[in-house]
Amino acid sequence: MYRREGPTQPPGGAPRPAAVLFAVVVVALVAGGCTGHRRTGSPTSGPTSAGTVVAGSKPIPQPPLSKLSKPTRSRLAPDSQRVDLVVPSFSAPTKVTNPLFPIGKLNAVILGEVDGEPLKIETTLLPQTKTVDWDGQRIEALQSQFCAYLKRRITEVAVDLYAQADDGSVWYLGEDVVDYERGVAATTAGTWRVGLDGPAAMIMPGHPKVGDVYRTENIPGVAFEQVTVERVGVTVTGPGGPIPGAMVGQELHQDETALEPKTFAPGHGEWFSGGGHDFEANALAVPADALPAPTPAELTTLASGAYHILDTARAKDWTATSATVKSMTSAWTTVRAGKVPERLGAQTSKAVDALATAVGGRNSAAALQAALDVADASLDLQLRYRPVAEINRARLELWARQLLVDAAAKNPAAVQGDVTTLAWIRDRIAINSADGNGIDDQLRYLRSVADADEFEVAMVQAARLRETAAGLKPTP
């Protein structure tokens with residue numbers, strides 16, 4: 001799920017590597033116990049002769065709704081409209097074939113706004129699965145990392161668990177959530193796990209029909225959302241052309257009275273939600289929007305030119321910097337003349353224009369950040385041509401360069417956020433044990449350096465990490 005509930009109980013404390021933080025979350029969940037449940041008009045269960053209940057006929061105990069506001073409760077659909085009240089069976093849970101929620105292969109870039117400020121989300125299918133227990137079933141779940149950046153800085157990360165049931169519906173089995181403030185973990189509110197906090201939630205029916213209602217999150221007080229299907233068979237305009245077969249629904253959020261429009265598109269999953277100055281829109285998804293290699297040379301020029309500027313602008317060599325910007329601008333003009341995903345094209349144009357303005361004004365600090373923004377936008381576009389593993393390795397290198405810039409500027413919040421971002425990107429990359437242990441050791445040391453505000457040491461270590469990232473050979 002892309003839209004998140006805001007933090008409610010900040011516990012403070014510094015961020016830690018993802019694996020350590022998840023261990024803390026799981027311990028907290030176990031210590032907290034399970035939420036009580038009650039049944040609310042669920043279908044009649046079907047016992048066998050042995051007295052057990054067959055998966056696919058047993059009702060899902062529903063959690064109490066007392067933690068929802070009265071206006072929200074008044075807008076809930078009756079159970080007669082819901083299609084998510086029976087425990088499904090999971091024979092091949094990681095083989096996701098549902099086109100409206102293709103999480104089994106999906107990696108995406110989502111752009112949007114929050115209060116008019118730029119929002120970017122990267123969703124990445126992680127290389128590892130996780131097994132959970134629900135109603136006597138051990139279910140192997142896919143893990144998808146949701147990483148959100150607000151105004152270019154990390155603001156939230158969640159690792160979501162999904163599995164497809166035998167009827168083609170996709171189920172949400174929990175999420176580990178961390179919200180960040182000034183680069184530091186502020187809260188894990190919104191974290192939940194099936195079997196510990198409540199039931200699983202249907203994220204997408206196998207064959208949605210107009211009028212169907214389902215809860216995409218069903219832990220009132222922690223995470224709760226209800227979707228009502230309004231239209232099916234809709235065509236939307238995607239990065240590569242028309243996408244038929246989309247579904248449009250209305251979503252009710254926890255403790256919100258207004259309904260939010262939400263669209264799901266085949267091959268892309270959640271396509272658009274929100275409106276005005278608060279929205280999220282799928283800008284690119286692979287493999288749906290992938291194109292044959294090789295990567296256009298002009299996109300490579302954008303990234304290599306941006307990295308060159310990190311040296312020339314820092315040295316205030318404005319003649320060389322201006323020449324590089326001219327070459328990059330020409331390259332982008334060539335790319336833009338072709339068929340570029342609209343939202344990514346706008347993002348890249350904005351970054352290239354900001355770079356030209358900063359260099360024209362001989363503003364070194366602005367030029368350094370604008371160059372990194374151009375490189376980041378270039379990687380988003382290169383996702384269409386290059387394997388996801390390569391893009392994640394390149395993102396690791398990019399954020400090591402970002403860390404160099406922020407440490408040189410002695411910006412503690414930015415440095416903390418950079419190290420946090422690097423740790424999460426590392427989780428996306430499957431590499432051999434020796435390389436993995438080496439990079440994990442570097443990240444742990446960088447964390448201690450960031451906590452101590454040792455900026456000069458951070459610069460040295462960031463340069464080493466950049467070299468390590470450049471030499472990584474991730475497993476596809």
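**Figure 1. Asp 115 in the loop between β1 and β2.** In this predicted model, Asp 115 is found in the loop that separates β1 (107-114) from β2 (117-134); helices (H or I, at least four residues) and strands (E, at least two) are DSSP runs, numbered from the N terminus. Phi of Asp 115 is near 55 degrees, which is a positive value in a residue other than glycine. Asp 115 counts as exposed because its relative accessibility is 63%; buried means under 20% relative accessible area, exposed over 50%, and partly exposed in between (1.4 Å probe, protein chains only). Residues are numbered from 1 along each chain as its sequence is written, and side-chain values use heavy atoms, with hydrogens and water left out. As the model is predicted, local features need pLDDT of at least 70 and side-chain atom pairs count only at pLDDT 80 or more, whereas totals for chains, interfaces and linings use all residues.

**Figure 2. Arg 362 in the loop between α5 and α6.** The loop between α5 (342-360) and α6 (364-382) holds Arg 362. Phi of Arg 362 is near 55 degrees, a positive value in a residue other than glycine. With a relative accessibility of 58%, Arg 362 counts as exposed.

Figure 3. Strand β10 (residues 223-238) pairs with β11 in the antiparallel sense over 10 bridges; two strands pair if DSSP finds at least two bridges between them. The hairpin formed by β10 and β11 has 2 residues between the strands. Arg 231 stands opposite Val 248 in β11, and Val 248 in turn stands opposite Thr 263 in β12. The antiparallel pairing of β11 and β12 extends over 6 bridges. Strand β11 (residues 241-253) is largely enclosed by the rest of the structure, because 10 of its 13 residues are buried.

**Figure 4. The hairpins on either side of β13.** Strand β12 (residues 259-265) runs antiparallel to β13 and is joined to it by 4 bridges. These two strands form a hairpin with 3 residues between them, and Gly 267 in the turn has a positive phi of about 80 degrees. Thr 263 has Phe 272 in β13 as its bridge partner, and Phe 272 has Ala 281 in β14 as a bridge partner. Strand β14 (residues 278-286) pairs with β13 in the antiparallel sense over 4 bridges. In the hairpin of β13 and β14, 2 residues lie between the strands, and Gly 276 in the turn has a positive phi of about 65 degrees. Strand β13 (residues 269-275) is mostly covered, with 5 of its 7 residues buried.

Figure 5. Val 286 and Pro 287 are joined by a cis peptide bond with omega of about 15 degrees. Pro 287 is found in the loop between β14 and α3 (297-312). The peptide bond from Ala 293 to Pro 294 is also cis, with omega near 10 degrees. Pro 294 is likewise found in the loop between β14 and α3.

**Figure 6. Leu 355 and Leu 396 in the largest nonpolar core.** Leu 355 and Leu 396 touch the most other members of this core of 72 residues. A nonpolar core is a set of buried Ala, Val, Leu, Ile, Met, Phe, Trp, Tyr and Cys residues joined through side-chain atoms within 4.5 Å. Helix α7 (residues 388-408) supplies the largest share of the core, 10 residues.
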